[in-house]
Amino acid sequence: MAIRKIAQLGHPILRRVADPVTAEVLASAGFQALIDDLIETQRDADGAGIAAPQVHESLRVCVMEVKANPRYPSLPAIPLTVLVNPVITPLVPVPPAPGQAIVMYEGCLSVVGLRGRVRRPRHVRVRALGRHGESVELEFVGPPAAVVQHECDHLDGVLFVDRAEPGSLLFLREFERFVPPADRLIDEGA
Ligand code: NI
């Protein structure tokens, strides 16, 4: 296992549409090592999740995990989840109607120091493969729905800064000074 270097905003690999993981790749030792490295890298960086393009591997795999996270103290726990070739289906209209959105100041390990307010569907289904090729079908409601959409966006070359509401981007220090805790994460459906 190894902590890998995280690509930063501007690196072209973050803008590629990542390649699907084939059965052959999935079964390889190198791919299993990549998953272990994603987990170790995101834990080291206090991430809520990380996607393979962020460690310079253009493959459709991401991991998520939240325990008590100092970067996102208001996020509920998310068990360790590995998603290979994930496909997201929103279970509310897109864009979400009032009452059906999660509105969160997101950050990203590839956009260090910046936060921005992103409004996303608060209920999604994800179909994917697990790390050993098993079928996975999960539903995410509330803040974890924002996290999984953020991670899967990475696989399509999309970053939260592309989705942030105009005028909402700010640096972490200013976020902590000027955005009241009650405004940092709003689950309209809660
Ligand atoms: Ni990110």
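Colleague: Does Cys108 count as buried or exposed?

Modeller: In this predicted model, the relative accessibility of Cys108 is 5%. The cut-off for a buried residue is under 20%. Cys108 therefore counts as buried.

Colleague: Which residues are the protein donors of the nickel ion?

Modeller: The donor atoms lie 2.1 to 2.3 Å from the nickel ion. One of them is an SG atom, and NE2 atoms also take part. The residues that provide them are Cys108, His150 and His154.

Colleague: How are the donor residues of the nickel ion spaced in sequence?

Modeller: Cys108 lies in the loop between strand S4 (101–106) and strand S5 (114–121), whereas His150 belongs to helix H3 (residues 143–155). These two residues are 42 residues apart and link distant parts of the chain. Written as a pattern, the spacing of the donor residues is C-x41-H-x3-H.

Colleague: Is His150 buried or exposed?

Modeller: The relative accessible area of His150 is 8%. Since buried means under 20%, His150 is buried.

Colleague: At what angle do the planes of the rings of Tyr105 and Phe175 lie?

Modeller: The structure holds one aromatic pair. Its ring centres, those of Tyr105 and Phe175, are 5.5 Å apart. The pair is classed as tilted because its planes lie at 50 degrees.

Colleague: Which elements hold Tyr105 and Phe175?

Modeller: The two residues are 70 residues apart, and their pair links distant parts of the chain. Tyr105 is buried at 9% relative accessibility, and Phe175 is buried at 6%. Tyr105 lies in strand S4 and Phe175 in helix H5.

Colleague: At what distance from the ring centre of Phe175 does Arg184 lie?

Modeller: Arg115 lies over the face of Phe175, at 5.1 Å from the ring centre. Arg184 also lies over the face of this ring, and its distance from the ring centre is 4.8 Å.

Colleague: Which element gives the most to the lining of the second largest pocket?

Modeller: This pocket has a volume of about 190 Å³ and is lined by 15 residues, with Phe175 and Arg184 among those nearest its centre. S4, helix H5 (172–178) and helix H6 (181–184) each supply at least two residues of the lining. With three residues, the element that gives the most is H5.

Colleague: How many residues of the lining of the largest pocket are charged?

Modeller: The largest pocket holds about 390 Å³ of space. It is lined by 19 residues, and those closest to its centre include Arg120, Asp153 and Arg163. By class, the lining has eleven nonpolar residues and one polar residue, while the number of charged residues is seven.

Technical notes: Residues numbered from 1 in each chain as written. Predicted model: local features only at pLDDT ≥ 70, side-chain atom pairs only at ≥ 80, totals over all residues. Heavy atoms only, no water. Donors = N, O, S within 2.8 Å, 3.2 Å for Na, K, Ca; no water. Helix = DSSP H or I, 4+ residues; strand = E, 2+ residues; numbered from the N terminus. Buried < 20%, exposed > 50% of the residue type's maximum accessible area, 1.4 Å probe, protein only. 1 Å grid on protein atoms, 1.4 Å probe; cavity = no way out; pocket = protein on both sides within 12 Å on 5 of 7 lines; lining within 4 Å. Points joined across faces, edges and corners; volume = space filled by probe spheres on them. Nonpolar A, V, L, I, M, F, W, Y, C, P; charged D, E, K, R; others polar. Phe/Tyr/Trp six-rings, centres within 6.5 Å; stacked < 30°, edge-to-face > 60°. Lys NZ or Arg CZ within 6 Å of the ring centre and 35° of its normal.
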